[in-house]
Structure formats: structure tokens, C-alpha cells
Amino acid sequence: MMLKPSRLALHEVRLRLKEPFRISSGESWERRILLVELSDADGASGWAECVAGETPHYSPETVDTARIAIERWIAPLVLGRSFQAPSDIYDTLAATIRGHHMARAAVEMAAWELAARSRSVPLAQLLGGSRSTVETGISLGLQADPETLADLATAAVEEGYRRVKLKIARGRDIAFVEAVRTTLGDDVALSVDANGAYTPNDTALLRLLDAFALVMLEQPLAAGDLVRHAVLQRVIDTSICLDESITGPDRAADMVALGSGRVINIKPGRVGGFTAARAIHDLAAEHGMPVWCGGMLESGIGRAHNVALASLPNFLLPGDLSPSRRYWERDLVTPEWTMDRGVVAVPTSSGMGVDVDTEFLAACTESSSVIEAGDVA
Ligand code: OSB
Ligand code: MG
């Protein structure tokens, strides 16, 4: 079945998180969320969420750069053309545009959703998913003191989360992790995420984390530091997981070749979309390397895409897939995402499995623009 996108609508939505979320590289509260609605001439449409942030703290891309990239360079390559499959859109964009992975991913993932809806199959099935539920972990932001963090971690375990991830930063590391491990006991799966806060000079400090039986240490060094991560992995016991470093299948292959870590956090929106996410998943599986699905404080639209991807077989560790009510007073989709005893159900209805609440979306929309095939011919 051919894919022929003819119209792309961008909706920028403002949605305030229930509380600020702090990581080592910055804080997020008032989210600006860029949504892509891709339609074909038959009137079918697919949705996706761009995971670029408001500021270039996590990655060089932002909501503003993504909008420019989509309007000027990506939409003209996609609208009015025919593609055999969504992966052809990935190939076209990858061959023509350097960088802008998050902007490219938003359009590619909307094409996957459009393809799933057109064929009346669940997105998870189209992607090759094999599970009906996905285990969920929580990512806890930086807190002022270890006791507050330990209380939040305790509450998360009581809610049913299958893994607790703590954000760490310079000066908010060892004592914080120790307090949480002591409070939770040894049976809870615990991990930490530094978002690139450290350098090789911190190796002695990072080795102290080996005492806490962590499932993994996520992104201790900067995104470009694949070689330095490999050196670090040789001298610490804790498995390194890479997030920011893995911008596509090429970087995943480099990680495997260099030994820069043992686990990959796959966020489809970071790696250029589902085609790349699946390639990384397959490569990791070939090397016996577990992967899991991270989050980017998405609305229920981005979450739907993450849940669909996380249903693939080598997603062996719980994902950062908290339910809607953890982040939002009201989500942009119906039904909202829920978690039952630490698992999220993979939708079985067509497409991403949830519907955009168009009335609420309109109420939250700051600006929209539409690009049609004719505009770019
Ligand atoms: O590093 O995984 C990260 C949020 C924003 C930017 C980067 C990260 C995160 C999270 C939150 O950890 C995950 C979520 O619950 O969406
Ligand atoms: Mg991370």
C-alpha cells in the first residue's frame, strides 16, 4: 500500500507539567510541544510528537529549530511524493538532511501512524511488537535533599513502578543514591541518569556508585564521548547505558564496537524515528544487548509511540512510560495513559491506539501552520 502524504499541519501546544522536572542540564516546566499531523488525499491522518525541548540542554535541537527544519526542508521532501513504506521516508530524509533527528523523527513517526491507520492495524503490530503489556519505570528529577528523594522513591515503588531511576548531578549523587538504596532495600531495581554531567576526571567518584547494585548508570559523560565511555566502562562494574550519545544506528554500532556501554535507551524521537529505532533494537539484539524505551516528558501522543515501540521483543528493561496523570492535569489524548501494577497495556486498536482530544488540543494550541503538497511543488 503506497503512502502519499499531501498535507502537514504543525500544532504548537503549551502544556504545564504538574511540577518542574530538573535534570543536570536544565529544568522543564512550561512545555512547548510540537505536534505533527500528516494527512493523505483520502483524508486519513497520522499524528506524532516532536521530542525537541524548549532549550538546547538535552540536545542541540529545540522546538524552534525543529519547526524551521520541518517547514523548510523536511515537508518539501515528503509532501506530494509516493513512498512504498514509512521506512522510505526515513531513507529520503537521512540521505538529504544532516542532523535534525528530532524534526525528522516527528514526520517519519507521523507517517508510521498514518500507515497503521490506513491499514487498520495497531502501530505496535506494524512495528513488529510482540508484547501486550510493557513494564514501566519512573524517572525522578533532581531534588533538594536525599530525604525528599527517598520519599519520592518509596511512593513510586508503592504505586507499582518496576524500576526507579534517579537523576544525578555534581553534588547530588552519592549521598542521594545511598539514601534511596538504604530506604528501598536491595530488591528494588534502581538506576541513575547523569545526562552527561561528568568527565573522565570524575572516574573515582563514579566508581563509588558500584556499591549500590544499580541496574545501570545512564549517560555519565557527554554525548560525543563514545571513546571516553568505553574507557570508563572498563574500570567500573556498573553497566553504562547510553541515551544522548545514540543519535542513530551508526552510533549504536560504534558503541558496540568500542564497548562504550552495555545497555541502550532508545527514544524513537531522538534517533530519527521508528526505522532507526528498529535498526538499533535489532543490532542490540544481535549482540545480546538489552534496550529500553526512554521518555522526554511527552504528552500522550509521544507516549503512544513509545509504548508501541517498547512492545518489541528486545525491550527487556522497564521503560520511562509513566501514566498521563504523573505529568499533566489533563492529557491531549483519550483515553489517557494509565498504569496497572507497574505495566502499561499496548493498545490493540488501529494506529497509535488513542485519540487526540481535538477540543482540548485547540484550547492549548499557541500556533498552527499548514503546508500542502501544492505549496512545495
Ligand atoms: O534523560 O531520559 C532523560 C526527560 C527529559 C529529558 C531527558 C530525559 C528525561 C527523563 C524523563 O528522564 C523521562 C520521562 O518520564 O518522560
Ligand atoms: Mg536519559
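What share of the contacts in the protein with a separation of 6 or more comes from residues 24 or more positions apart? The share is 73%. Contact here means heavy atoms within 4.5 Å.

A word on the ground rules. This is a predicted model, where local features need pLDDT of at least 70 and side-chain atom pairs count only at pLDDT 80 or more, while totals for chains, interfaces and linings use all residues. Residues are numbered from 1 along each chain as its sequence is written, chains are lettered from A and ligands numbered from 1 in the order in which they are written, and side-chain values use heavy atoms, with hydrogens and water left out.

Now the overall picture. The protein has 15 helices and 15 strands. These are DSSP runs, numbered from the N terminus: helices are H or I with at least four residues, strands are E with at least two. The radius of gyration is 20 Å, close to the 21 Å that the globule rule gives for 377 residues, so the protein is as compact as a globular protein of that length. That radius is taken over C-alpha atoms, and the rule is 2.2 Å times the number of residues to the power 0.38. Along its principal axes, the C-alpha trace spans about 60 × 40 × 35 Å.

Next, burial. Of the 377 residues, 58% are buried. Buried means under 20% relative accessible area, exposed over 50%, partly exposed in between, with a 1.4 Å probe and protein chains only.

On to the metal. Which residues are the protein donors of the magnesium ion, ligand 2? They are Asp193 (OD), Glu218 (OE) and Asp243 (OD), at 2.1 to 2.2 Å from the ion. Donors are N, O and S atoms within 2.8 Å of the metal (3.2 Å for Na, K and Ca); water is not among the atoms, so sites may look incomplete. The spacing in sequence reads D-x24-E-x24-D. Asp193 sits in strand 6 (residues 190–193) and Glu218 in strand 7 (residues 216–218), so this pair, 25 residues apart, links distant parts of the chain. Asp193 is buried, at 0% relative accessible area. Glu218 is buried too, also at 0%.

Last stop, Ala310. This residue is in helix 12 (residues 300–310). Is Ala310 buried or exposed? Buried, with a relative accessible area of 3%. Neighbours within four places in sequence aside, Ala310 is in contact with Arg131, Val134, Cys293, Phe315 and Leu321. Take Val134: 176 residues from Ala310 along the chain, yet their C-alpha atoms are separated by 6.7 Å.
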